[in-house]
Amino acid sequence: MSNEIKENGVSRRTVLKGAALGGIGLVGGGTLLTSCGSDEASGPVKFAIRSTAESGIAIGEAVAAAYTAETGIEVTAQSTGDTGAFQDGISQYLQGTPDDCFQWMAGWRTNFRADQGLLVDLSDNISNLGDQMPDGFVSGATNPTDGKQYIVPGTWYPWGLHYRKSTMTELGLDPESISTWDDFMKLLDGTQKKGLVGYALGDSGGWEAMGTFDILNVRINGYDYHIDLLNGRQKWTDPKTLEVFKQFELLIPYMNKNVLDISWEGMRDLLLQKKAGAVMMGSWWANDFLAKSQEDYDDLWIVPFPEINPEFGRDSIDAPVDGMCAATNSANPEGGAAFAEWLGSEAGMLAAQAAGETNFFANSRLDSSNLDAFNKQKLAVMSEVKNVMNFLDRDCRNDFASTIVAPAIQNFLKGPKEINGILDGMQEAWDALPELN
Amino acid sequence: MALTATKKKSRRRQAFTRRDKFTLSVFVGVPAFLHIVWVWIPALLTIGLSFTFWNGVGLSDIRWAGLANYNTAFTASPQFWPAIRNNVYWLLWFGLIATPLGVLLAYQIDRRIRGHKIYESVYYIPVVLSLAVIGVIWNFMLGPGGLVQALLGYSDIKDAIPIFGNFKINTYVILSIASWRHIGYIMLLYLAGLKSVDPSLREAASIDGATEWQSFRKVVIPAMKPVNVIIIVITVIESLRAFDLIFIIYGTSGAWPILGMLVFQNIYGQAASMLGAAFAVILLLLSITPIVVYLRTIFRDDI
């Protein structure tokens, strides 16, 4: 009861913030009603699902129900609403009345907030998972500042070129055989000549085209250069960076003409409607194909981006890890941490799998012997990989990635000839950033 | 009753009763208090923060930055000058096209042209919608897969013609959408003003041989001075505070930057500086300056 009063006292603030946060405040308000009815000693848990897609919400609700069934602890699961707004407002969200447990991204986005004391230290929870959690994932989730983990790794997925097997067979093309840039150009040419979009891209969200930039940079200049560039140890004005955009420009003639009007959803729909050849995207979106129909999912395929510079071959890939965090300022941070741990455990992962989660699970107990064909192919995409990246906006400080890089790439797509000025502006903006404290 | 009231008033012009004082302090004090708490304290805090580097979380992390954020805003923000340009376009478009159109419509409707009631309702309807809702509506209409695209025969996403992402036309499209509401708003304000203008003034002017245009310019506009002030102030404020429409159409991607969006991105987001606060202060100065200058000249004339 005292819990409820406390919540009531701050809920006004939450509602005010909610107006900008795309309804997150309302999530807090809505759960008030549910928490009234519960007398659980361990306390109910509020869980934020970082997705607006039907498939993502369904999986989140299913794991919440499975946790309740197993432990008797009530979980209120709700979507965060627009994920872009949730992402941008995360600091405010975590300082207000956040949900106890929320889905989040490993890398800079977690570590920065952990340093500010907004996230619960989950190191103990991760060590409870023992050998279920492979070392690679633990080290990937470790905050370099203090050596602790603030996110329980949940799922991961590789980025690659997606296409539909049926479309390519119809066109008589074989994407599986592309290994060099010339092969790739021929493939794009072939699809475009048949009236399809050769290289589908939608960048109205600002992040979608970062995937293409990442892969071109590691293919041309290598992993070390890429990570150094994103952390200020290399320059955007360097001719090597310019070369990446010159290569990017070669793809523009094969793109749909409304790149800045559509988002990743448009890219997905182009592929669902069989209007596109190759699409560079994280394979997390396979969930949406499966949600549409088994047939669409079975038709989906992924291959690694071709080699450009033989020195680096195909040795790097964006393969971001998503996971669960617990918020320090929530009503029930212990409950949130326990739920995050359970979600990372075998039982939680099995529940997600049963609900239609197609991404790979970090948990080692999950049987990977009976993977479906698409998942096996996702592993094949990783076969030559030596370096794994988290994606541009998770490898780079956020006050540069979303406010500078995103519009810069949009401006490049709009006027590729102005790239020199754009890169100068990016470097100036980087140089003006204050030190992180 | 009225008589006694006036008597009382004339007798006690200088000295308020205790009750008057109480009423006055409640009626003036409460709004003033709320205004200070909700507007001026945050504004002053923002001004203070704009001279710091801070991530918005721990108070102990605040570091003095001097003018660094302003320096960044003016010299090292690729989005700043494009944003200023877009705000200026917005102001010019509203000032030269949308507001005069609203005034013209009000004038025509006031002359009771045929069907004026219908026009009045048609132009007023968008005003009841917020710009955010208007953004959603036009996004559905013009975006890929939208109604207009379908009517033009481009119902497929693949063929959808670029509109919001087409930088040859999107400025005009956005400003037209914003005007859709602004015109009706101005029309209504002006219409209310026109109704209060004594018709005999215009009659007298036309008897003296003034043309329609002359009587509008020389008689109606001067008689409408208070409304004109409001309309000019509203036009300036609406142009500079533009945010919601852009947020709905472009999200926070910054494809069509405006100052309001830069404030939001850099203060609300994930920054380690207080660059957003500096943008907010720049926006505050831009909004306040023309209004203060204008109001001062207007009220000086009156006195």
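Which residue stands opposite Cys101(A) of S3(A)? Phe47(A) does. Hi everyone, let me use that pair as a way into this structure.

Some housekeeping. This is a predicted model, where local features need pLDDT of at least 70 and side-chain atom pairs count only at pLDDT 80 or more, while totals for chains, interfaces and linings use all residues. Residues are numbered from 1 along each chain as its sequence is written, and chains are lettered from A and ligands numbered from 1 in the order in which they are written.

Let's look at chain A as a whole. Chain A has 21 helices and 12 strands; here helices (H or I, at least four residues) and strands (E, at least two) are DSSP runs numbered from the N terminus. The radius of gyration of chain A is 22 Å, close to the 22 Å that the globule rule gives for 437 residues, so chain A is as compact as a globular protein of that length. For the record, that radius is taken over C-alpha atoms, and the rule is 2.2 Å times the number of residues to the power 0.38. Along the principal axes, the C-alpha atoms of chain A fill a box of roughly 65 × 50 × 40 Å. Of the 437 residues, 56% count as buried. Buried is 20 or more other C-beta atoms within 10 Å of a residue's own, exposed is 12 or fewer, and partly exposed is in between, with C-beta atoms placed from the backbone.

Contacts next: two residues are in contact if their C-beta atoms, placed from the backbone, lie within 7 Å. Among the contacts in chain A with a separation of 6 or more, 78% come from residues 24 or more positions apart.

Now the domains, whose bounds come from an automatic or database domain assignment. Chain A is divided into domain 1 (2-156 + 320-365) and domain 2 (159-318 + 376-431). Their centres, taken over C-alpha atoms, are separated by 30 Å. Between them, 16 residues of domain 1 are in contact with 17 residues of domain 2. On the domain 1 side, helix H3 (54-71) and helix H6 (108-115) of chain A each supply at least two residues, and H3(A) has the largest share, three residues.

Back to S3(A) and the sheet around it. Six strands of chain A form an open sheet with mixed pairing, in the order S2-S1-S3-S10-S4-S11. Pairing here requires that DSSP finds at least two bridges between two strands. Strand S2 (75-79) and strand S11 (360-361) of chain A stand at the edges with a single partner strand each, so one side of each is left without a neighbour in the sheet.

S3(A) runs parallel to S1(A), joined by two bridges, and antiparallel to S10(A), joined by five bridges. Is S3(A) enclosed or open? Five of its five residues are buried, so S3(A) is largely enclosed by the rest of the structure. Cys101(A), Gln103(A) and Met105(A) are buried on one side, and Phe102(A) and Trp104(A) on the other. Helix H16 (residues 333-344) of chain A lies across S1, S2, S3, S4 and S10, running at about 155° to S10(A). Angles like that one run from 0 to 180 degrees between N-to-C directions, with axes fitted to C-alpha atoms, for helices over the stretch in contact.

There is also a sheet of four strands in chain A, open and mixed, in the order S6-S7-S5-S8. Strands S6 (197-200) and S8 (300-303) are its edges, each with a single partner strand, so one side of each is left without a neighbour in the sheet. The twist averages 25° from one strand to the next. S5(A) and S7(A) pair in the antiparallel sense over four bridges, and Leu161(A) stands opposite Met280(A) in S7(A).

One loop residue deserves a quick stop: Phe312(A), between S8 and strand S9 (316-318) of chain A. Phe312(A) counts as buried because it has 20 C-beta neighbours inside 10 Å. Leaving aside neighbours within four places in sequence, Phe312(A) is in contact with Val218(A), Arg219(A) and Gly222(A).

Last, the partner chain. In the interface, 44 residues of chain A are in contact with 37 residues of chain B. H20(A) gives the most to the chain A side, with 10 residues. That side divides into 17 nonpolar, 18 polar and nine charged residues. The classes are Ala, Val, Leu, Ile, Met, Phe, Trp, Tyr, Cys and Pro as nonpolar, Asp, Glu, Lys and Arg as charged, and the others, Gly among them, as polar.
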